[in-house]
Amino acid sequence: MFGLETDIFILLALCLFAACAFEFVNGFHDTANAVATVIYTNSLKPNIAVVWSGICNFVGVLLGGIGVAMGIVNLLPVELLVDQNVYHSIAMVLALLFSAIIWNLGTWYFGLPSSSSHTLIGSILGVGLAFSTMGAAGERGGVNWEEAEKIGKALLLSPLIGFSLAIILMYLLRKLVGNKDLFKEPKKNTPPPTWIRSILILTCTGVSFFHGSNDGQKGVGLIMLILIGITPAYFALNNTIDPTTMRGNLVQISQIVNKIDTTGLSDTDRGRLVRTKTEIADLQQVISLPLVDGKFKADERLQIRRDLLLINNNVKKLIESEDVDLSATDIATLTTNLNEKVGLRRFTDYAPLWVILMIALSLGLGTMVGWKRIVVTIGEKIGKQHLTYAQGASAELVAATTIALATLYKAPVSTTHMLSSGIAGSMVASKGIKNLQGGTVRNIALAWLMTLPVSITLSFTLYLLFRWIFD
């Protein structure tokens with residue numbers, strides 16, 4: 001319509017806007033998880049609570065790192081991320097973003113605290129599965145199933161952990177805290193005692209900050225998917241690092257790989273070893289070519305990224321194989337030369353500061369609006385009794401701690417599921433299972449069960465549709 005470059009620029013802008021919109025929706029969809037307890041215990045006024053939560057989410061994104069973000073990027077196979085047809089990459093991005101936004105808005109409208117994390121993961125899986133039907137997905141298929149399994153376990157276990165730990169914490173509070181005010185329902189329009197109020201504001205701060213550090217990274221991962229897929233010449237590699245330093249990593253990896261004894265190796269490991277040697281040799285040849293302004297040539301960066309990721313995946317498999325004879329020193333050397341700090345992954349696992357700032361702003365602003373629907377569900381409709389100080393503090397303390405640990409170990413978890421299951425656990429700890437509102441719990445569980453299949457189906461269908469349109 002406007003010419004190839006103009007069309008790509010417009011579509012890139014649309015994709016970036018959609019990614020920011022997803023994170024904005026994520027903000028007001030998940031705000032309730034942090035502010036419901038301080039609002040329903042009169043610890044903070046609603047407007048103050050959501051603004052404070054938004055600020056903490058913003059800071060959380062800035063300080064959270066990119067480990068979770070790269071887990072999102074690595075869900076998809078190398079073949080899909082480095083597709084030479086830029087319109088295929090645009091189809092991928094639009095399909096997963098539109099499906100995630102549609103489901104998030106739908107559940108928000110009905111006041112259901114469903115998981116934005118589940119939605120995003122399902123959307124990515126749907127795109128990968130659709131790509132695999134086209135016969136170009138490589139040996140791993142359209143999805144990195146090992147990464148998907150790791151993420152899936154984290155997402156599935158988080159509600160059970162939140163529910164169980166909240167019950168345990170409530171039990172300990174009853175045994176250890178003599179002040180019974182903590183277990184009373186808040187008086188209408190009356191702030192709690194100062195010490196209780198301080199605890200509740202602190203836990204709200206913690207959930208907000210760690211929500212930003214975990215969920216915000218998912219937005220960062222989305223932006224990097226867009227940039228790598230649509231403009232690989234600029235973003236396939238971290239161009240701020242001296243590319244010549246890669247040679248030292250490859251030499252050390254090559255020395256260890258070349259001395260592996262092939263006797264007794266399975267056909268799979270032997271094939272993986274051969275491919276690794278070939279990939280290292282090919283990459284060494286490419287990076288030996290002259291640099292342009294101290295950087296790899298733009299048309300070489302896509303292939304270099306592909307080789308780096310394939311080397312990383314194959315070497316990790318060799319390390320994990322029981323049949324491959326490697327000493328502890330060899331394993332340590334290989335691991336160091338692969339990692340994201342001084343190894344090969346520092347060239348592929350990165351995010352520019354402007355990307356992090358854009359997502360931090362989108363999530364922070366989204367946190368300040370649209371919170372009321374789900375706050376009412378969490379504060380009034382999960383349990384039959386009004387939320388007490390102890391219940392609110394227990395649920396948020398469990399959620400903040402678990403999300404912090406998940407971020408530390410680069411695992412995406414659902415803030416929504418952690419907090420809502422924590423509140424359910426605190427209600428059960430007070431008066432047993434009868435203290436839960438069956439209808440609300442059933443609806444939340446139904447949304448939890450439907451999120452993955454619906455988002456997978458939506459993105460699968462949209463990807464095929466966009467590929468048909470763009471082709």
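In which helix does Ala-390 lie? Ala-390 belongs to helix α16, which covers residues 389-408, where helices (H or I, at least four residues) are DSSP runs numbered from the N terminus. The model is a predicted one, in which local features need pLDDT of at least 70 and side-chain atom pairs count only at pLDDT 80 or more, while totals for chains, interfaces and linings use all residues. Residues are numbered from 1 along each chain as its sequence is written, and side-chain values use heavy atoms, with hydrogens and water left out.

**Surroundings of Ala-390**

- Ala-390 is buried, with a relative accessible area of 0%, where buried means under 20% relative accessible area, exposed over 50% and partly exposed in between, for a 1.4 Å probe and protein chains only.
- Leaving aside residues up to four places away in sequence, Ala-390 touches Met-170, Leu-173, Leu-182 and Phe-183, a contact being heavy atoms within 4.5 Å.
- Ala-390 and Leu-173 are 217 residues apart in sequence, yet their C-alpha atoms are 7.8 Å apart in space.

**Salt bridges**

- The whole structure holds five salt bridges, each defined as a side-chain nitrogen of Lys or Arg within 4 Å of a carboxyl oxygen of Asp or Glu.
- One of them joins Lys-218 to Asp-215, with the closest N and O atoms 2.9 Å apart; these two residues are three residues apart in helix α8 (residues 194-230), so about one helical turn separates them.
- Lys-218 is buried at a relative accessible area of 2%, and Asp-215 is likewise buried, at 0% relative accessibility.
- Another salt bridge pairs Asp-330 with Lys-259, the closest N and O atoms being 3.4 Å apart; because Asp-330 lies in helix α13 (residues 328-338) and Lys-259 in the loop between α10 (245-258) and α11 (267-287), the pair ties together parts that are 71 residues apart in sequence.
- Asp-330 is buried, with a relative accessible area of 11%, whereas Lys-259 counts as exposed at 55% relative accessibility.
- A further salt bridge links Asp-269 with Arg-272, whose closest N and O atoms are 3.3 Å apart; the two stand three residues apart in helix α11, and are therefore separated by about one helical turn.
- Both Asp-269 and Arg-272 are buried.

**Packing of α2 against α14**

- The axes of helix α2 (residues 46-63) and helix α14 (residues 353-367) come within 8 Å and cross at roughly 160°, which means that α2 is roughly antiparallel to α14.
- Axes here are lines fitted to C-alpha atoms, for helices over the stretch in contact, and angles run from 0 to 180 degrees between N-to-C directions; those under 35 degrees count as roughly parallel, over 145 as roughly antiparallel, 65 to 115 as roughly perpendicular and the rest as oblique.
- Residues of α2 including Val-50, Phe-58 and Leu-62 meet residues of α14 including Ile-356, Leu-361 and Thr-367, and the residues of this contact divide into 10 nonpolar, five polar and no charged.
- In that division, Ala, Val, Leu, Ile, Met, Phe, Trp, Tyr, Cys and Pro count as nonpolar, Asp, Glu, Lys and Arg as charged, and the others, Gly among them, as polar.

**Packing of α6 against α8**

- Helix α6 (residues 116-132) and α8 pack at an angle of about 25°, with their axes 10 Å apart, and are therefore roughly parallel to each other.
- Ser-116, Ser-117, Leu-120 and Ile-124 in α6 meet Asp-215, Lys-218, Leu-222 and Leu-225 in α8, and the residues of this contact divide into four nonpolar, two polar and two charged.
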